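Student: Could you take me through this structure one feature at a time, with the general idea before each case?

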Amino acid sequence: MENNFSRILGERLIKITTISKDTGIARSTLTSFYYKRGKGVSFDVLMKICDYLDVELSEIINYKPLSKKNKEE
């Protein structure tokens, strides 16, 4: 799974604090997501981030499933 949140914020020069204030998402949640430390993010948070950044979920998180060969092992 690839998390592009930090790249998007860097390209747009957007601070975590700004997103937190504008969306109501806890700064700690955004920081964990930014630094890829969190084990999970709620759909509600992901939707708010997508709406705020005006991007599709696939632009923030890119998931490629394991190949069938790897699944069978």
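Student: Is L13 buried or exposed?

Tutor: Buried means under 20% relative accessible area, exposed over 50%, and partly exposed in between, using a 1.4 Å probe and protein chains only. L13 has a relative accessibility of 76%, so L13 counts as exposed. This is a predicted model, in which local features need pLDDT of at least 70 and side-chain atom pairs count only at pLDDT 80 or more, while totals for chains, interfaces and linings use all residues. Residues are numbered from 1 along each chain as its sequence is written, and side-chain values use heavy atoms, with hydrogens and water left out.

Student: Where is L13 found?

Tutor: Helices are DSSP runs of H or I with at least four residues, strands are runs of E with at least two, and both are numbered from the N terminus. L13 is in the loop between α1 (5-12) and α2, and although L13 is not a glycine, its phi is positive, at about 55 degrees.

Student: What is the phi of K36, and where does K36 lie?

Tutor: K36, a residue other than glycine, has a positive phi near 60 degrees. K36 lies in the loop between α3 (27-34) and α4, and K36 is exposed, with a relative accessible area of 53%.

Student: At what angle do α2 and α4 pack?

Tutor: Two packed helices are described by the angle between their axes and the distance between the axes. Helix α2 (residues 16-23) packs with helix α4 (residues 43-53) at about 105 degrees, and their axes are 11 Å apart. That makes α2 roughly perpendicular to α4, a term for angles of 65 to 115 degrees.

Technical notes. Axes are lines fitted to C-alpha atoms, for helices over the stretch in contact, and angles run from 0 to 180 degrees between N-to-C directions. Angles under 35 degrees count as roughly parallel, over 145 as roughly antiparallel, 65 to 115 as roughly perpendicular and the rest as oblique.
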